[in-house]
Amino acid sequence: MPLITKGNVPGLELQPGWSIDNDGYGLLTSRLTFRCKKESVGDRPKKLDAHPEDSRLQCHRSSYTQDGAWATVVAEYVGLEAGTYTPIQWAADFSGSTQPIQSHPNFVNVKFGTATPLKDLGWDKDAQAFPEDNSVAETNGLVGIRQFIAPEMAVTGTFYTSDKSWLQKWADGVGKTFEALPGDSSVVLISTFQPISPNHDRKSLLTGIAYEMYAHLYKVNFQAKVATGGFHKFVYDRAPTT
């Protein structure tokens, strides 16, 4: 059967019912459907093409299906509501990690719970232990103790950014300590901070980041640790902080 049309048929005809969604953190997504003649599918939206109704969004990908002389094109777009990055979506996990007893806040100086530093309660420097034949260690119940469980907090976050230089700062901050991150006032932290020494002056360490690209946006995931004993400023470099 011959194709019958009426009037001029544009290359791509945007179909009604489209929408732009906001994820609640400022990430915009949109999925548009177009109809066209099959010879016009080469004009379908390409990666980084602007959204026809909202230039804040750019095309991430598109696909098409053919039905006889006609084709249906579906294009997906992403963008930011405002600015160059979205607020961080936070998650946290509180736990304990095994640490050598020498790093305990009470080992050299008393911080809580005892009148005497642990090293003066039967610690043998050569054996690196509280030996069983030491009466002081035995009296204080420290025989055999070489480690302790230190409270720790693992923090993860996700955000989107269009700014490559902003992502570069995060990448350069891995393995470094920091004091604050954008929007972290809502994060619940361990409230007891007992630095092991005056040099353990920062309690947060950026341990890793990963990213994916969607059109012009980077989706960034990061991990950080919060240690109640702090991180030593001679051991860990200090990242610029907010």
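**Entry 1: the hairpin of strands 4 and 5**

I began with the hairpin of strand 4 and strand 5, where two residues lie between the strands and G68 takes a positive phi near 70°. Strands here are DSSP runs of E of at least two residues, and helices are runs of H or I of at least four, both numbered from the N terminus. I note that this is a predicted model, in which local features need pLDDT of at least 70, side-chain atom pairs count only at pLDDT 80 or more, and totals for chains, interfaces and linings use all residues. Residues are numbered from 1 along each chain as its sequence is written, and side-chain values use heavy atoms, with hydrogens and water left out.

I then looked up the pairing, for which DSSP must find at least two bridges between two strands. Strand 4 (residues 57–67) runs antiparallel to strand 5 and is joined to it by 10 bridges. Within this pair, S63 stands opposite V74 of strand 5.

**Entry 2: strand 5 and its other partner**

Which strand is joined to strand 5 by 11 bridges? I found strand 3 (residues 27–37), again in an antiparallel arrangement. On that side, C36 stands opposite A71 in strand 5.

I also checked burial, taking buried as under 20% relative accessible area, exposed as over 50% and partly exposed as in between (1.4 Å probe, protein chains only). Strand 5 (residues 70–80) is largely enclosed by the rest of the structure, because eight of its 11 residues are buried.

**Entry 3: cysteines**

I searched the whole structure for disulfides, defined as pairs of cysteine sulfur atoms within 2.5 Å, and there are zero. C59 is accordingly in no disulfide, its nearest cysteine sulfur being that of C36. C36 counts as buried, since its relative accessibility is 0%. C59 is likewise buried, at 0% relative accessibility.

I looked up two residues other than glycine with positive phi. L48 has a phi near 80° and lies in the loop between strand 3 and strand 4. With a relative accessible area of 45%, L48 is partly exposed.

Q128 has a positive phi of about 55° and is found in the loop between strand 6 (89–100) and helix 1 (135–139). Its relative accessibility is 34%, so Q128 counts as partly exposed.

**Entry 4: the whole chain**

I recorded two helices and 10 strands in the protein chain. Read from the N terminus, the order of elements is β-β-β-β-β-β-α-β-α-β-β-β.

For overall dimensions, I took the radius of gyration over C-alpha atoms and the globule rule of 2.2 Å times the number of residues to the power 0.38. The chain has 29 Å, whereas a compact globule of 242 residues would have a value near 18 Å. Along the principal axes, the C-alpha atoms fill a box of roughly 105 × 35 × 25 Å.

Buried residues make up 34% of the 242 residues. I counted as contacts heavy atoms within 4.5 Å. Among contacts between residues at least 6 apart in sequence, 66% join residues at least 24 apart. The accessible surface, from the Shrake-Rupley method with a 1.4 Å probe and, for residues, only the protein chains shown as cover, comes to about 14,100 Å², and 50% of this belongs to carbon and sulfur atoms.
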